[in-house]
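Have a look at the sequence and the model below.

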Amino acid sequence: MNVSTKVDVAFQRCINPQCATTYGVDEVRIACGKCGSLLDVVYDWDRATPPKSLSDFEELWSRRYDPLALSGVWRFHSLMPFAQAEQIVTVGEGQTLLQHSLAVAKYVGLTSGDLHLQYEGLNPSGSFKDNGMTAAFTHARSIGAKRAACASTGNTSASLAMYASVTQLMKAIIFIGSGKISYGKLSQALDYGALTVQIAGDFDDAMQRVVQVTEKLGIYLVNSVNPFRLEGQKSVMFRVLEGLRWEVPDWIVVPGGNLGNSSAFGKAFMELKELGLIDRVPRLAVINASGANTLYELYEKRGLRWNEGSPQADIIDPYYAELDDQQKRASTIASAIEINRPVNLTKCLRALDFCNGVVREVTDQQILDAKAQVGAGGFGCEPASGASVAGAKLLREEGIIGADERVVCILTGHVLKDPDATVAYHAGDREKFDTVLGSRGVEKASFANHAVAVENDLDEIVRTIEQNS
Ligand SMILES: *Cc1c(COP(=O)(O)O)cnc(C)c1O
Ligand SMILES: [Zn+2]
């Protein structure tokens, strides 16, 4: 299979079907110039060379010496042919895996045992963001950008900073809110040498500012309003299918923050279906934290829908006005999804529409308990990722997910991203628990695994081990 494709098969298009204005791939925009809607990267598939069958990709497994075949993103280049092979920036992202976990299946209540965890924390910067950053960075390089910026709850900035430091192609500038970033993520951005601008405000504030600043200074913006980023994130779904030997699961369950992932997953399935590469589409469940539940409120409580490209503004606008009136700020231990104004809201509605989706909210208590179960039954994850397992459990309890269905939960970030939350949960130190978790309404650590204190004495140590194992 030919992995290099011509650039001119791709263009950008406004997602509003009433507008559908198109732009070239070499234009840098974060919204439609006519109507202000988000943009998609779209392809003229007749002129591109998509695979005939998804199993065609297996041919690339034997070509690990080729960086584009090795990359878990770019081996699917023919399904995202917006860049020429020579322009692609890759650091070997996307070497992630799908783990079948009976332990987590039991926790979720799937008698089929058919639960799979997609470990995106195994990416080089420790989160799924690398899937998107490699694509955005490729686009930034192709248009000659010298500086790239993002606002971030942490993982986007870690990823951007990493691509900038490894490739030395651009200077990374990251905007973070004050006090709302986990140590693992902040330490990455600093260590990779990014210019880190800490704003007195939260993520939603930082997001507004970065848009203004990048416009003013002509800096390339890599937040998920960037449609090229979402192209790379489609590959998470391609790898899930790959892990299931191209069988489509019944459910994809994903945490929702800025809603870039859910949007990208929906687009992946829309295109796979259009190309005849899958014959059915999985259902999509997007899980909010209850302290940052805009999508849940709008979709499940107020009935907001994609509505053929015209989501009801009379549902959205009053909701945001209420948030402003009440000065309501997003608040959850799952800092990666601590977002009240998701920039990809309309794209996500389209994905929910196409994938017969549902949205749920879960508490920080449910998130941390699910996270502990992921750790005890696998490789662990950060709090936001635990939301997908907590959400699957909730949907199973409600009977929406059937006991015999096949479910894939996306684990978006690595367990080491947020050691504070993990240690506070397990340590059994009341003060630490209260400061880090109690303030979030978390009452107990049902699956805590305390360290056992013992005298520095051989007999004592032996006795303790015998008693506890
Ligand atoms: C960014 C992020 C999310 C949220 O993803 P969106 O695409 O913004 O909805 C969830 N989990 C982790 C670990 C993240 O880094
Ligand atoms: Zn438009």
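Which residues are the protein donors of the zinc ion (ligand 2)? They are Cys14, Cys19, Cys32 and Cys35, each through its SG atom and lying 2.3 to 2.4 Å from the zinc ion. A donor here is an N, O or S atom within 2.8 Å of the metal (3.2 Å for Na, K and Ca), and water is not among the atoms, so sites may look incomplete.

Before going on, a word on what you're looking at: this is a predicted model, in which local features need pLDDT of at least 70 and side-chain atom pairs count only at pLDDT 80 or more, while totals for chains, interfaces and linings use all residues. Residues are numbered from 1 along each chain as its sequence is written, chains are lettered from A and ligands numbered from 1 in the order in which they are written, and side-chain values use heavy atoms, with hydrogens and water left out.

Back to the zinc ion (ligand 2): its 4 donor atoms make angles of 94 to 118°, and the site is tetrahedral (for four donors, all angles between 85 and 135 degrees). Along the chain, the donors follow the spacing C-x4-C-x12-C-x2-C. Cys14 sits in strand S1 (residues 10–14) and Cys32 in the loop between strand S2 (22–24) and strand S3 (39–43), so this pair, 18 residues apart, links distant parts of the chain. Strands (E, at least two residues) and helices (H or I, at least four) are DSSP runs, numbered from the N terminus.

Are these cysteines buried or exposed? Cys14 counts as buried because its relative accessibility is 3%, whereas Cys19 counts as partly exposed at 22%. Buried means under 20% relative accessible area, exposed over 50%, and partly exposed in between (1.4 Å probe, protein chains only).

On a 1 Å grid over the protein atoms alone, a cavity is a set of points where a 1.4 Å probe fits but cannot get out; a pocket is an open set with protein on both sides within 12 Å along at least five of seven lines; lining residues have an atom within 4 Å of a point. The largest cavity holds about 290 Å³ of space. Of its 26 lining residues, Phe128, Lys129, Gly257, Asn258 and Ala336 are the closest to its centre.

The largest pocket has about 570 Å³ of space. Its lining has 21 residues, with Gly36, Leu38, Val225, Pro342 and Val343 nearest the centre. Helix H6 (203–217) and helix H12 (345–354) each supply at least two lining residues, and H6 gives the most, with 4.

Definitions and conventions. Tetrahedral: all angles 85-135°; square planar, octahedral: opposite > 155°, others 65-115°. Points joined across faces, edges and corners; volume = space filled by probe spheres on them.
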